[in-house]
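Colleague: Thanks for sitting down with me over this one. Could you show me the chain so that we can go through it together?

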Amino acid sequence: MHLFVNFMFPLLFISIVSSYKILAFLPSNVKTHHFIHRPILEALADVGHNVTYVTPIAPSEPHPKIRYILIDGCCAGFKGNFFFENSKRWLYFLQMSGMYGVTTKGLEEVYNQPEVKNLIASSEVFDAVITETCFFQEANAALHHRFNAVGIEICCFGERSWINSLTGLSDNTAYMIDSRSPYTDNMSLLERIHNSFITLSLSLTSLFYLSRMEGVAKRSLKYNGSEDRPPLGHIMANFSMILVHSNPALSYPYPTSPHVKKIGGVIIEKNSKPVPKLLQNFLDSAQNGVIYMSLGTNLAVVSESSDLASTLMKVFGSLKQRVLIKWDSEYPVDRIPPNVMISSWFPQQQILAHNRTVLFITHGGYSSLYEAAYFGVPIIGIPYFGDQPKNIMAAVAAGFCVKLDHDNVTEDSLTWAIKEILNIKRYKEEAERRSSMLRDTQNSPVDEAVFWIEHAIKYPNALTPRSAYMSFVVVNLIDIKIILLIVILSLYYMARKFFGCNNYKIRAKKEKPL
């Protein structure tokens with residue numbers, strides 16, 4: 001008995017101390033971001049951590065071990081064609097201002113909701129707070145200070161210059177591509193100039209709105225000790241871990257700070273649900289293959305009256321392949337070709353995983369791009385906004401994608417793109433090669449995310465470099481460069497004076513009469 005107690009008690013103690021209380025404060029309304037958050041939070045709960053999830057999106061199947069606090073989100077203005085219309089502004093400052101305009105107002109409303117006010121005023125203690133501050137929500141960083149908890153950031157946008165700025169990594173725009181830059185890492189001179197302009201514009205805009213977010217936090221996030229809260233920029237620089245939804249196999253490899261970890265692929269489902277019988281029969285009996293088209297959840301570009309609708313029906317109706325289209329609006333049944341099925345929802349991963357699927361037509365959201373590559377399906381990319389142009393360009397550079405401009409999807413261009421993908425083997429071969437790269441990992445992306453979150457809680461800021469706390473001037477050696485410039489100019493001035501004086505004496509000596 002004593003032996004049993006002596007053996008079991010330490011194990012029980014280890015179990016208790018390794019279970020952390022984690023607050024995930026994620027008030028964004030953008031569903032695709034929660035597709036990334038949820039697998040991580042559910043995995044944390046599965047291994048025994050106490051997870052509180054503040055979200056505006058009610059889960060269809062709540063996890064039994066997660067405490068949900070449902071709120072009205074901060075990004076309600078992002079509905080419909082907001083992203084697309086906003087991206088038409090050629091000045092990046094105006095693009096970003098539109099996004100920040102929605103969230104600065106939305107966050108104040110979030111903080112004043114009873115559920116959030118009660119949470120902030122409570123005596124609850126958390127070991128870590130997970131946020132997505134870099135998606136126009138920097139004010140949420142104040143919660144790390146409120147709960148005196150380890151700061152963990154999830155970035156669903158992939159590579160961002162703003163992330164680099166916060167982590168003390170200097171951008172090199174000769175080959176580093178921001179999520180909103182439509183180039184590859186192999187740029188011409190003019191492209192490098194434009195890429196530099198984009199990166200600078202985005203970083204300066206984020207810095208400008210950081211002061212606005214500071215005002216939001218001061219007005220609406222008040223608690224005992226908030227008057228001594230450090231600036232938001234300082235709190236964000238103090239993040240112990242930043243998880244970026246990206247993977248070098250689908251973007252471009254470049255240096256990152258030690259506490260930035262890439263977790264691209266957390267959206268891949270471990271246990272897929274059965275496909276509805278009607279859809280399963282549609283897929284299984286497609287002798288010539290299946291083409292799947294989806295332009296995501298945030299943009300309704302296909303409507304009954306649109307030119308794109310008639311173009312799609314004409315082109316797809318002429319194919320021998322069967323076609324599935326994610327279609328968010330009504331469409332007359334008698335105008336749908338017999339080889340086409342439309343629906344407002346399809347189980348995308350199950351379709352891409354099916355051995356009959358030969359092509360995916362996508363807007364180029366990173367999750368869709370990852371899913372296509374993971375299941376070895378070549379794509380036609382029709383990017384619209386945000387990180388989509390950059391993602392599609394990376395897929396084109398990788399060799400498993402053909403790009404079409406969204407304002408040039410005609411019968412001829414779409415027919416050409418489909419034939420190009422289906423008739424030339426290298427697209428499928430490269431998609432399968434990318435699939436092998438993504439699957440060739442030591443741990444799954446979800447397990448990686450859980451490991452690094454636990455690591456950050458156990459060893460706060462162990463991986464955060466000193467550069468994260470340095471000012472822009474110091475980390476980029478601007479002060480030293482100015483001193484060197486002054487020294488060089490001073491030496492040049494002294495040299496001119498010295499040699500000028502000697503030349504004068506030599507000339508005077510030569511001109512002196514005998």
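Colleague: Let's start with Arg434 and Glu430: how many residues apart are they, and what separation in helical turns is that?

Modeller: Happy to start there, and please keep in mind that this is a predicted model. Arg434 forms a salt bridge with Glu430, with the closest N and O atoms 2.8 Å apart. Both residues sit in helix 16 (residues 425-439). They are 4 residues apart, so the separation is about one helical turn.

Colleague: Which residue pairs with Lys273 in a salt bridge, and how many residues apart in sequence are the parts they tie together?

Modeller: The partner of Lys273 is Glu61, and the closest N and O atoms are 2.9 Å apart. Lys273 lies in the loop between strand 7 (260-262) and helix 10 (277-284), and Glu61 in the loop between strand 2 (50-55) and strand 3 (66-70). The pair therefore ties together parts that are 212 residues apart in sequence.

Colleague: And how does Glu61 count by relative accessibility?

Modeller: Exposed means over 50% relative accessible area, and partly exposed covers the range from there down to the buried limit. Lys273, at 48%, is partly exposed. Glu61 is at 52%, so Glu61 counts as exposed.

Colleague: Which residues are joined with Lys21 into one network of salt bridges?

Modeller: Lys21 forms a salt bridge with Glu124, the closest N and O atoms being 3.7 Å apart. That pair links distant parts of the chain, since Lys21 is in strand 1 (residues 21-25) and Glu124 in the loop between helix 5 (114-121) and strand 4 (128-131), 103 residues apart. Through salt bridges that share partners, the residues joined with Lys21 into one network are Arg67 and Glu124.

Colleague: How many salt bridges does a search of the whole structure find?

Modeller: We have talked about several, including Lys273 with Glu61 and Arg434 with Glu430. The search of the whole structure gives a total of 12.

Colleague: On to helix packing: how are helix 4 and helix 8 oriented to each other?

Modeller: Two packed helices are described by the angle between their axes and the distance between the axes. For helix 4 (residues 92-111) and helix 8 (residues 189-220), the axes are 10 Å apart and the angle is about 20°. Angles under 35 degrees count as roughly parallel. Helix 4 and helix 8 are therefore roughly parallel to each other.

Colleague: What is the handedness of that crossing, and which residue classes make up the contact of helix 4 with helix 8?

Modeller: The crossing of helix 4 and helix 8 is right-handed. By class, their contact has 13 nonpolar, 8 polar and 2 charged residues.

Colleague: What is the phi of Asn461, and where does Asn461 lie?

Modeller: Most residues other than glycine have a negative phi. Asn461 is not a glycine, yet its phi is positive, at about 60°. Asn461 lies in the loop between helix 17 (445-458) and helix 18 (472-475).

Colleague: Last one: what percentage of residues 468-495 is helix?

Modeller: An unreviewed UniProt entry annotates residues 468-495 as "transmembrane region". In the model, the end C-alpha atoms of this stretch are 40 Å apart.

Technical notes. Residues are numbered from 1 along each chain as its sequence is written. This is a predicted model: local features need pLDDT of at least 70, side-chain atom pairs count only at pLDDT 80 or more; totals for chains, interfaces and linings use all residues. Side-chain values use heavy atoms; hydrogens and water are left out. A salt bridge is a side-chain nitrogen of Lys or Arg within 4 Å of a carboxyl oxygen of Asp or Glu. Helices (H or I, at least four residues) and strands (E, at least two) are DSSP runs, numbered from the N terminus. Buried means under 20% relative accessible area, exposed over 50%, partly exposed in between (1.4 Å probe, protein chains only). UniProt positions are given in the numbering used here, feature names are shortened, and annotations may be inferred rather than shown by experiment. Axes are lines fitted to C-alpha atoms, for helices over the stretch in contact, and angles run from 0 to 180 degrees between N-to-C directions. Angles under 35 degrees count as roughly parallel, over 145 as roughly antiparallel, 65 to 115 as roughly perpendicular and the rest as oblique. A crossing is left-handed if the near helix is turned anticlockwise from the far one by less than a right angle, and right-handed if clockwise. Ala, Val, Leu, Ile, Met, Phe, Trp, Tyr, Cys and Pro count as nonpolar, Asp, Glu, Lys and Arg as charged, and the others, Gly among them, as polar.
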